[in-house]
Amino acid sequence: MTERPSVPAPSERKVVLYRNGSVYSAADPLATAMVVDGDTVAWVGSEQAASSIADSSMEIIDLHGALVAPGFVDSHVHLTETGIALDGLQLGNVRSARQLLDAVAASRGEGPVLGHGWDESVWEDPALPTVHELEQAAGGRHVFLSRVDAHSALVSASLVADAGITGLDGYGSGTQVFRAAHTAARQAARRLPESSVRGYQQRALTEAAANGYVAVAEMAAPHISGLEDLRLAGAWNTDAAGRAMPEVLPYWGELATSEEHARELLAGLGVPVRGLAGDLNIDGSLGSRTAALRADYADAPGGRGNLYVTAAQAAAHLAACSLLGIQGGFHVIGDAGLDAVLEALELAAGEVGEQRIRAAGHRFEHVELADASAIQQLARYAVTVSAQPRFDAAWGNDGGMYQQRLGDRSGNMNAFASFYSAGVPISFGSDSPVTPLRPWSSVRACLEHHNEAERISARAAFLGHTRAGWRAAKHHNPMAGQLVPGAPASFAVWDVEELMVQVADGRVQSWSTDPRARTPLLPALDTGSDPVCLQTVRDGQELYSSPALRS
């Protein structure tokens, strides 16, 4: 079952005039006003023209210099996991095993202690607590603390016993579990009632709306949260209670062995999906040392990570999806993982033809280690790369996790500029809860990439976070992600300190307000703070509004 257009709940049609600000629009780069008629952008233009068309039938919003821009699309999220992380123990600032145990001990309530975000690569002493120390700190409650990359976790002794993970792949004598053991522990810790899951998803969608997102691509998979979780996520698009939320663009990461099998998978989901793609893992993560590498990890000699899917299996999956004309795809991070999936593309093309492969619009998530040859192959097969800029901001610094794990190989990671130069379609997301739902920080990360050669302009990064997100999901409306007459009224309003043109090359003048340039302006991102969201609107429905908007 593939995705159908999501239609917002019926509501009384109204006309809203936004004026006295700045509108990011290709139709008029100098626009200061916009009219929304129901669910559609009806007009963009000047303040003088706005004065002539304003009338008492409209709601008129004085922007007071604020920016109206297309709403953000997050191309890779996990709604339930995000909600749990927002409401559970937030461990991103923990800097030692002792601090982590203190946080667990301070946790109140019943049921399992759920936490997220610890990262031993930034600890002075990377030693982890033992299962018994966790058990004691939690007072006997189950403990499941997801590492920041969400590919491994710390678990307590009671959870080990309850999940039955002894003997599973990825379980050793320590506290940290990987692979099959990690999946089993997560599923045991996530035995939640439907009402709790919906509450966590609502928490995540509300957080997204408050940060200017009008859509999120949900990356569901059997090993993450299961089919019922996917169904609940998809149900937000037709919420019976009429709650307006960002559109959920669901994917299901389960391997198909043939065209017939793919049909059976789609028919059995009970919810329309964009494709059989997303977190269908070819490999794992660098932080947990499960990403598949061609050469050893720099800080773990003899270790090269894990391949979870063979090239032949991946080829069968891509061929099946191509024959159905739907998106297929994989999570792939390491260079050996990418080698396998590129071989799969070649095998699938040999079976069903290169044109079918290209037409399906397949997508690969992350693709952090790609050399020039791999990038050319991705371009050849029109594969979209769904990347996470804040990974580089978090771990690409000198001495950071990338360098710890890869040594000199870390310099060429997350090759945004190279992707663009080769014509590889690219969209951006957060992988929330791995990095926060903060889109302007993600745009800034593209501008400030640790490798200057891979930096891109603010405009390119902004498009990768907006219009490209709709395209990456093969959305039915080609006008989605822009503010021009006839386009969907999906946008956000931002309180900004300054507007400018920002480019990645420091040798080039990095700002211009010359009207002759005819370049739409974006917020200055070197001010020390992100723009503040005042309103988020999807298809004419208000998802979020700050009291400051209409004051």
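At roughly what angle do the axes of helix α11 and helix α13 cross?

Guide: In this predicted model, the axes of helix α11 (residues 335-352) and helix α13 (residues 372-380) cross at roughly 35° and come within 11 Å. The crossing of α11 and α13 is left-handed. On the α11 side, Leu338, Leu342 and Glu346 take part in the contact, and they meet Ala374, Gln377, Leu378 and Arg380 of α13. Of the residues in this contact, four are nonpolar, one is polar and two are charged.

Charged side chains also pair elsewhere, and the structure holds 28 salt bridges. In one of them, glutamate 120 meets arginine 405, at 3.1 Å from N to O. This pair links distant parts of the chain, 285 residues apart: glutamate 120 lies in the loop between β9 (113-118) and α4 (131-137), and arginine 405 in helix α15 (residues 401-406). Glutamate 120 counts as buried because its relative accessibility is 9%, and arginine 405 counts as buried at 1%. Both belong to a network of salt bridges that also links Asp119, Arg147, Asp149, Arg289 and Asp299.

A further salt bridge joins arginine 444 and aspartate 530, at 2.6 Å from N to O. Here, too, distant parts of the chain are linked, 86 residues apart, with arginine 444 in helix α17 (residues 439-447) and aspartate 530 in the loop between β22 (522-523) and β23 (532-538). Arginine 444 is buried, with a relative accessible area of 15%, whereas aspartate 530 is partly exposed at 25% relative accessibility.

Definitions and conventions
Residues numbered from 1 in each chain as written. Predicted model: local features only at pLDDT ≥ 70, side-chain atom pairs only at ≥ 80, totals over all residues. Heavy atoms only, no water. Axes fitted to C-alpha atoms, helices over the stretch in contact; angles between N-to-C directions. Helix = DSSP H or I, 4+ residues; strand = E, 2+ residues; numbered from the N terminus. Left-handed = near helix turned anticlockwise from the far one by under 90°. Contact = heavy atoms within 4.5 Å. Nonpolar A, V, L, I, M, F, W, Y, C, P; charged D, E, K, R; others polar. Salt bridge = Lys/Arg side-chain N within 4 Å of Asp/Glu carboxyl O. Buried < 20%, exposed > 50% of the residue type's maximum accessible area, 1.4 Å probe, protein only.
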